[in-house]
Amino acid sequence: MQTPPRTTPRTPASASVDVDAMIEDLRKLVEVESPSRDQEALTASAKAVADVLEHRLGGQAVLVESASGPHVSWSGGGVPQVLLLGHHDTVFPLGTLERRPFTVEDGRATGPGVFDMLGGIVQAVHGLALLDDRSGVEILLTSDEEVGSPASRALIEERALACGAVLVFEGAADDGSLKTGRKGCGTFEVAVTGRASHAGLEPEAGINALVEAAHQVLDIVALGRPEAGTSVTPTVASAGTVDNVVPAAASIVVDVRVETTDEKDRIEAAFATLRPHLDGAELSVRGGIGRPPMPESASADLFALARTLDPGLGGRAVGGGSDGNFTAALGVPTLDGLGAVGGGAHADHEYLVVDAMAGRAELVAGLVEAIRAS
């Protein structure tokens with residue numbers, strides 16, 4: 001993968017990016033593990049993030065307590081004009097760091113969360129630090145993005161509306177492009193209730209929940225419309241207890257991705273109207289498409305600003321969701337993928353390209369100035 005060219009935004013003449021300091025801060029954040037839903041770990045992580053913010057930007061970082069752990073908020077004062085949005089929770093369980101410690105080698109930083117999305121936090125902070133005037137800028141780093149943002153969505157939406165523009169520091173696309181659109185995404189769980197019986201003596205007395213689940217999987221898969229950008233993918237299934245009992249219960253978990261609100265409505269209505277095939281079987285459905293689609297129109301103006309700073313920047317619509325889906329759905333201009341250049345999100349080979357860090361920090365500074373001037 002080619003490293004995107006470095007940008008040169010309008011920054012104070014004395015300002016320069018200290019990549020060694022960026023690596024130091026990245027190490028600090030990675031070495032405080034932060035798995036979602038682990039309150040103790042997330043509290044330690046939030047404090048580490050707050051320390052970096054205060055050390056590099058001054059002022060006071062506030063820990064916002066929530067049922068999902070502390071979010072971290074910082075403000076440069078003045079009338080809010082732009083929100084820098086990210087998260088400090090990761091998908092990796094405690095102990096991952098011991099197996100896969102933070103390392104910088106051959107131009108790559110590796111370790112749990114470097115790409116998704118601790119590197120993005122560091123780039124946002126160091127980019128903003130290039131500016132003498134940080135007024136009008138807010139930073140919000142949440143603790144539950146990886147689990148759907150149940151305790152942060154309202155706060156994210158409130159601050160996005162107050163600021164009027166959002167820059168999201170999720171990792172860049174595979175080729176370093178910014179993320180100009182995202183699919184809406186969600187999860188459904190279909191529970192099947194049947195009736196147990198002896199599989200050898202009287203199988204006909206039972207209602208086989210596994211057979212009903214098989215029918216439902218075929219019905220569910222048929223809901224997909226690839227030509228419309230809609231994927232409906234059963235991902236986890238379970239049924240039964242022992243090998244000589246007709247299963248009395250089964251469940252199916254389904255991942256859904258959609259590009260439009262119309263498809264979101266269609267899929268949710270279809271799941272609500274699923275019906276059993278076997279006499280006596282019962283279905284219950286829970287879940288939904290929690291992150292609405294982020295249309296490319298939401299990022300058009302901000303992406304155009306970014307291209308004035310770096311004409312070589314690419315833009316791409318992607319399938320994964322982020323908290324930018326929420327802000328874009330409100331009509332707030334939102335540009336995503338401003339975080340680390342690298343790859344391997346949620347995987348053991350996760351990495352960040354060190355040589356791209358300075359250019360992305362400079363892009364942050366330039367975008368903030370351009371937004372405040374517009």
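Asp323 is buried, at 2% relative accessibility, where buried means under 20% relative accessible area, exposed over 50% and partly exposed in between (1.4 Å probe, protein chains only). A salt bridge here is a side-chain nitrogen of Lys or Arg within 4 Å of a carboxyl oxygen of Asp or Glu. This is a predicted model, in which local features need pLDDT of at least 70 and side-chain atom pairs count only at pLDDT 80 or more, while totals for chains, interfaces and linings use all residues. Residues are numbered from 1 along each chain as its sequence is written, and side-chain values use heavy atoms, with hydrogens and water left out.

By this rule, the model has 18 salt bridges. Here are three of them:

| Pair | Closest N and O atoms |
|---|---|
| Asp323 and Arg291 | 2.8 Å |
| Glu158 and Arg159 | 3.4 Å |
| Lys28 and Asp51 | 3.8 Å |

Lys28 sits in helix H1 (residues 19-30) and Asp51 in helix H2 (residues 39-57), so this pair ties together parts that are 23 residues apart in sequence. Helices (H or I, at least four residues) and strands (E, at least two) are DSSP runs, numbered from the N terminus. Both ends are partly exposed: Lys28 at 37% relative accessibility, Asp51 at 39%.

What about networks? Arg99, Arg100 and Asp348 are joined in a network of salt bridges.
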